[in-house]
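Grab your viewer and work through the exercises below. Each task is followed by a solution that goes step by step.

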Amino acid sequence: LRRWGLLSLGSSLLYLWNISTLSSRRRNSDNSPCPEHGPLLRIMYGLFSTWLAERVLGHLLHTRPDEPQAEQIGGTLPSVMGPRELRIKVVPILGAAFGGNYAYLIWDEDDPYRRAIVVDPADPYPVLRAAEEERLNVEVLLTTHWHFDHSGGNATFAREVPGLRVVASDRERGRVPALTERLADEQTIAVGRLLVTAHSVPGHTLGSAVFQISSSAAPAAPHAAFTGDTLFCGGCGRLFEGSSLQLHASLRRLRTRLAPNCQVFSGHEYADMLLTMAVRSDPSNLAALRKLRQVRDLRLRKQPSVPSTMAEECSFNPWMKATPLDLARLCGCEM
């Protein structure tokens, strides 16, 4: 019996090792720089991608339909912003579990059908309640990447909203729950007068996407980019599946495609931490210091720090300004 137990355990660990998509030089055909992940993290990352992990994390972290939402670090309050043609509601979710996640509702205030888009509603019921408060009919769910704290609410949201279109990058294969559509790089879809453009940005995960949303009713208004864990205010998400060269190309793609006044809505409230790190590592980064003061003022009032703009990120974000070699070092890659 003991022998069979050890054999079963060994087989399970080998399976999790093989399905893990953590990057390594041995797996990259071009031998490009990537962090060296230990065996335990590789196995845990494989476990994180399974149906079992999704069910367990959902049971532990999801808000029940009849209970109040857990308070986020800093007590962040929901916030509505943007012009009528491109209204955005920031919904804090998942309490303190992942350092402060954001889901987003986007709609056109003048749409008679009150059609809406939702981004990364990983804790579904607080987002569903937020949509109900705004009298919205959610038609499209955008998933920036497969990690539970971004896609973990998809199945419940799809069950609660019949006919929902669940959209992710065409590089996602089998890991985004309830997926109905995949968008290729620069492919677009429309929801009323709102236009969604997908940008493929491998790095944090290989299937990461940034979704740029604009309004045909206000073509001169700043666009909004929902960046998930690819781009934060003052930083970037950890390099799990891609190489530093892939991430550098992804960030260059965003600098090229998104206008300087494009508003950046990231997936987490990490601005204070990342800007503090940026200022400590480079005290001459005065743009980061100014932004840090703005962020702390917002956080004292329990307001989200999003959005920043592409122009701001290019001025103070060390990852956005880095050369390929510098970015590899920032990502902890062995050269």
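A pocket here is an open set of points on a 1 Å grid over the protein atoms alone, where a 1.4 Å probe fits and protein lies on both sides within 12 Å along at least five of seven lines; lining residues have an atom within 4 Å of a point. Helices (H or I, at least four residues) and strands (E, at least two) are DSSP runs, numbered from the N terminus.

Some housekeeping: this is a predicted model, so local features need pLDDT of at least 70 and side-chain atom pairs count only at pLDDT 80 or more, while totals for chains, interfaces and linings use all residues. Residues are numbered from 1 along each chain as its sequence is written, and side-chain values use heavy atoms, with hydrogens and water left out.

**Exercise 1. Work out which helices line the second largest pocket, and what the lining is made of.**

Step 1: find the helices. α3, α4 (124-133) and α6 (154-160) each give at least two residues to the lining, and α3 has the largest share, with four.

Step 2: Of the 14 lining residues, Arg-55, Gly-58, His-62, Thr-156 and Arg-159 are the closest to it.

Step 3: sort by class. Count Ala, Val, Leu, Ile, Met, Phe, Trp, Tyr, Cys and Pro as nonpolar, Asp, Glu, Lys and Arg as charged, and the others, Gly among them, as polar. You get four nonpolar, six polar and four charged residues.

**Exercise 2. Is α4 enclosed or open, and what does it pack against?**

Step 1: check burial (buried means under 20% relative accessible area, with a 1.4 Å probe and protein chains only). Seven of the ten residues of α4 are buried, so the helix is largely enclosed by the rest of the structure. The buried ones are Pro-124, Tyr-125, Pro-126, Val-127, Leu-128, Ala-130 and Ala-131.

Step 2: list the contacts (heavy atoms within 4.5 Å). The buried residues of α4 pack against β2, β3, β4, β5 and α6.

Step 3: walk off the end. Just after α4, Arg-135 takes a positive phi of about 60°.

**Exercise 3. Trace the open sheet that holds β11, then see how β11 sits in it.**

Step 1: get the order. Two strands pair if DSSP finds at least two bridges between them. The six strands run β8-β9-β10-β11-β12-β13, with mixed pairing. β8 and β13 (308-309) are at the edges with a single partner strand each, so one side of each has no neighbour in the sheet.

Step 2: check the neighbours of β11. Three bridges join β10 to β11, antiparallel, and Phe-226 is the bridge partner of Phe-211. On the other pairing, four bridges join β11 to β12 (263-266), parallel, and Ala-225 stands opposite Val-264.

Step 3: compare the faces. In a regular strand the side chains alternate between the two faces of the sheet. In β11, Ala-224, Phe-226 and Gly-228 are on one side, Ala-225 and Thr-227 on the other, and all are buried.

Definitions and conventions
Buried means under 20% relative accessible area, exposed over 50%, partly exposed in between (1.4 Å probe, protein chains only).
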